Amino acid sequence: MSNLMAALKNPFDPKIIHWRVGSTNRDKTSGIALAYIDARDAEKRLDDVMGLNWANRYPFEGCCDIGLKIDNEWIWRSNGAGPTDIEGEKGRYSDAFKRAATMWGVGRYLYYLPTVWVPLTPQGKSHVIKAPPKLPNWALPRDIKI
């Protein structure tokens with residue numbers, strides 16, 4: 001089971017990590033870079049590690065359960081999310097899924113990345129990160145055998 005958990009927790013290829021702006025300075029020339037993955041990346045990790053031995057369900061609005069079949073027994077972990085400003089209902093389900101996946105360790109390491117202020121550039125009515133920060137060595141993928 002320890003190799004299984006290590007494979008689920010393994011950091012993602014930095015090329016698929018997305019970044020958004022957290023807090024900014026007053027003139028919005030710099031901000032905190034916040035890393036995240038898409039729900040599809042979490043799904044792929046579950047597929048790659050578990051094959052067909054995983055499932056998800058939404059027992060009520062805003063809550064996602066993810067179950068893994070381990071030693072012929074289903075084990076479930078849950079988390080939830082509220083509606084999002086960008087994609088409303090769809091975003092709520094994606095966020096709930098990603099949060100439930102972190103209960104299995106998928107992408108959880110992203111919450112422990114150091115706080116890094118980065119230069120921002122204007123884009124429309126908002127600001128975006130000019131270049132993502134470099135990840136520490138512990139946040140880079142490792143070769144893990146299941």
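Reader: How many salt bridges does a search of the whole structure find?

Author: This is a predicted model, and a search of the whole structure finds 4 salt bridges in it. The general idea is that a side-chain nitrogen of Lys or Arg must lie within 4 Å of a carboxyl oxygen of Asp or Glu.

Reader: Which residue forms a salt bridge with aspartate 48, and where do the two lie?

Author: The partner of aspartate 48 is lysine 44, and their closest N and O atoms are 2.7 Å apart. Both residues belong to helix 2, which covers residues 39–50, and they are separated by 4 residues, or about one turn of that helix. Lysine 44 has a relative accessible area of 49%, so it is partly exposed.

Reader: What is the distance between the closest N and O atoms of aspartate 95 and lysine 98?

Author: In the salt bridge between aspartate 95 and lysine 98, those atoms are 3.6 Å apart. This pair lies in helix 3 (residues 88–102), where the two positions are 3 residues apart, about one turn of the helix. Aspartate 95 is partly exposed, because its relative accessible area is 23% and buried would require a value under 20%.

Reader: Is aspartate 65 buried or exposed, and which residue does it form a salt bridge with?

Author: Aspartate 65 counts as buried, because its relative accessibility is 7% and the cut-off for buried is under 20%. Its salt bridge is with arginine 57, with 2.9 Å between the closest N and O atoms.

Technical notes. Residues are numbered from 1 along each chain as its sequence is written. This is a predicted model: local features need pLDDT of at least 70, side-chain atom pairs count only at pLDDT 80 or more; totals for chains, interfaces and linings use all residues. Side-chain values use heavy atoms; hydrogens and water are left out. Buried means under 20% relative accessible area, exposed over 50%, partly exposed in between (1.4 Å probe, protein chains only).
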